[in-house]
Amino acid sequence: MANEKKLFIKTYGCQMNVYDSERMVEAMGGAGYTTTDTPDDADMILLNTCHIREKAAEKVYSELGRFKGLKAEKPDLKIGVAGCVAQAEGEEIMRRQPIVDLVVGPQAYHRLPEMEAKTQQGAKALDTDFPEEDKFEKLKGRPKAKRGPAAFLTVQEGCDKFCAFCVVPYTRGAEVSRPVERILTEARDLVERGVREITLLGQNVNAYHGLSGGGDSWSLAKLIWELDKVDGLERIRFTTSHPNDMMDDLIEAHGTCKKLMPYLHLPVQSGSNKILKRMNRSHDRDSYLKLVERIREARPDILLSGDFIVGFPEETEQDFQDTMDLIEEVKYGQAFSFKYSPRPGTPAAERAVIDDATASERLYRLQALITQQQREIQDSMVGREVSVLLEKNGRLEGQMVGKSEYLHSVHLTAEDAQIGDLVRVKIVKSRTNSLAGELV
Ligand code: SAH
Ligand code: SF4
Ligand code: F3S
C-alpha cells in the first residue's frame, strides 16, 4: 500500500447516513486511508449528504465553498460528495462546484476505492447507479476494531411509499431488505467487538421482509426474535417505522421480547385527514390513533416519538389544530418537527405554498407543546428505577452518561463502572434534556 492517507468525512441527515459513513471509512481503509477530525490535514474530504429539506441540501454547497481555499493550497486534495444530494443532483454538483472530484450515490459507495483511484489519475468520478450487488456484502472484511456499546445496523433500505413531499423514494430507491443470515452475522460480529445494543435501521424498517437461508421471507419481528437469542446482545431497537407496516407480530413482540426496548418512533406527519390524504400517507388519523392504542396495550410504558410537518400546502388553522389535538391525545416523549420544504421532483412541489410566517408560527406552537409533553414524561421518571447502558464518561470526574430503555440520557456518578456496563439506576432529577440518577 502507498503511504497512509487521511480521510475527513462529515455526515448529515439520518442514522442511515451515519451507518453508511462507517462503511465508507472501512472501504477507504482498504485503500490506505485512516480518518482525521479536521479537513485541514486531509487528503480526501467526503461529505455524506442529506436532501430531505432545502436547508439540508444548501448546507452542502456552503460547506464545499469553504474548502475552496484548501483545495487551492493543496491541489492533490480530493473532494467527494456522497449520499442523497449526490443521488439527486449527480453531475450538477460538479458543474456548480468545480472543486468536487467525486460524486457517489448511497447505493454505489462500495465502489469508492475504484473511484478514488480514478481521481488520482486526475479524472472526475461519478457513480449514482442502483447496482444489483449488495453494497454491504462488498464491504465485508472490515477491521475487527473494538466498538462502542451501541451500534446501528442497516437491515432495509429505500421506500415505496411516495409521500407527496418526500425525496427518499428517489434518492434511496425501492424498498430492499438485506438477507437474514447477513444481518445475523453482522450482529454477532458487532457483539464480539463490544456492542450490547443494536438499532436496526431502515427508511421503512418495519416493512422488512428479508430472505432466510431456507428461502422463506422473515418479518422484522422474526428477525428481532432471532437476535434476541444472541448472547451478549442486551438491547434491540429499530427505526423508522411506517404506521401501515406495524404488523401484529411486531406489536406483540413489544409486549413479550425482553431485549426489545420500550421506545417506538412512529411518524404521523399530520393529524388532519385532509392533509394526510394530500400527503399520500395512506393512513388516516383514526387508524393511527387505534394503532397507538394497540401498541400501548401490548406495552403500556412504551415511549412514543414522532415526526411532524407543518405548513403543508392547503393546511388551514383547523388542519393544524387537528394535529395539535392528535399530539394531545398521543402524548409524545420525543418528536421531530419541520416546516414543509418543497423538494424538486416531488408531487407536492407543484402546489402553492402557504405563507411562511404562518408556517413558522405553527411550528413554534407545535414545538412548545411537544417540549411540554417531553418534559412531563421526563419528570414522571423521577423516583423510578431504569436500566442504563453506559456509553461515555461525563464532564465531571467519576461521572458517566448512558441511555435508559426509553432513550433518555441519564447522568450518574459511578466510580467503578465501565463504559458498556448495564446498570440499574434510580432517577433523582429531571433536567432540560436529560435525567440524573443514582446507582441502586
Ligand atoms: N421514512 C421515514 C422518514 C424519512 S424523512 C418516515 O416515513 O417516517 C424524516 C422526516 O423528515 C419525515 O418523517 C418528515 O417529517 C420530514 N420530511 C420529509 N420530507 C420533508 C419535506 N419536504 N419538508 C419538511 N419535512 C420533511
Ligand atoms: Fe419519505 Fe414517506 Fe417514504 Fe417516509 S414513508 S421515506 S416520509 S416517502
Ligand atoms: Fe436525508 Fe437521505 Fe436520510 S435525504 S434523511 S440522508 S435518506
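Trainee: Which residue of strand 21 is the bridge partner of Val410?
Mentor: The partner of Val410 in strand 21 is Leu435. Strands (E, at least two residues) and helices (H or I, at least four) are DSSP runs, numbered from the N terminus. Two strands pair if DSSP finds at least two bridges between them.

Trainee: What kind of model is this?
Mentor: This is a predicted model, in which local features need pLDDT of at least 70, side-chain atom pairs count only at pLDDT 80 or more, and totals for chains, interfaces and linings use all residues. Residues are numbered from 1 along each chain as its sequence is written, chains are lettered from A and ligands numbered from 1 in the order in which they are written, and side-chain values use heavy atoms, with hydrogens and water left out.

Trainee: Back to the strands. How many bridges join strand 19 to strand 21?
Mentor: Strand 19 (residues 409-413) and strand 21 (residues 435-439) run parallel and are joined by three bridges. Strand 21 is also joined to strand 20 by five bridges, and these two run antiparallel. One bridge there pairs Lys429 with Ala436 of strand 21. Strands 20 and 21 form a hairpin, with four residues between them.

Trainee: And in which sense do strand 17 and strand 20 pair, parallel or antiparallel?
Mentor: Strand 17 (residues 385-393) pairs with strand 20 (residues 422-430) in the antiparallel sense, over five bridges. Val388 stands opposite Val423 of strand 20.

Trainee: What do the five strands close into?
Mentor: They close into a barrel in the order 17-18-19-21-20, with mixed pairing. From one strand to the next the twist averages 50 degrees.

Trainee: New topic: at roughly what angle do the axes of helix 13 and helix 14 cross?
Mentor: The axes of helix 13 (residues 285-298) and helix 14 (residues 317-330) cross at roughly 10 degrees and come within 11 Å. Axes are lines fitted to C-alpha atoms, for helices over the stretch in contact, and angles run from 0 to 180 degrees between N-to-C directions. The two helices are therefore roughly parallel to each other; angles under 35 degrees count as roughly parallel, over 145 as roughly antiparallel, 65 to 115 as roughly perpendicular and the rest as oblique.

Trainee: Which residues of helix 13 make the contact?
Mentor: Arg285, Tyr288, Leu289, Val292 and Arg296 of helix 13 make it, with Asp322, Asp325, Leu326, Glu329 and Val330 of helix 14. Contact means heavy atoms within 4.5 Å. By class, the contact has five nonpolar, no polar and five charged residues. Ala, Val, Leu, Ile, Met, Phe, Trp, Tyr, Cys and Pro count as nonpolar, Asp, Glu, Lys and Arg as charged, and the others, Gly among them, as polar.

Trainee: Which residues surround ligand 3?
Mentor: Ligand 3 is surrounded by Cys14, Asn17, Thr49, Cys50, His51, Ile52, Cys84, Arg172 and Gln203; a residue is near a molecule if one of its heavy atoms lies within 4 Å of it. This shell has four nonpolar, four polar and one charged residues.

Trainee: Which residues does UniProt list for "binding site"?
Mentor: The unreviewed UniProt entry lists Cys14, Cys50 and Cys84. They span 71 residues in sequence, yet no two of their C-alpha atoms are more than 10.5 Å apart, so they gather at one spot. UniProt positions are given in the numbering used here, feature names are shortened, and annotations may be inferred rather than shown by experiment. Cys14 lies in the loop between strand 1 (5-11) and helix 1 (15-29).

Trainee: Last one: is the peptide bond from Thr239 to Thr240 cis or trans?
Mentor: That bond is cis, with omega near 0 degrees. Thr240 is in the loop between strand 13 (235-239) and helix 11 (248-256).
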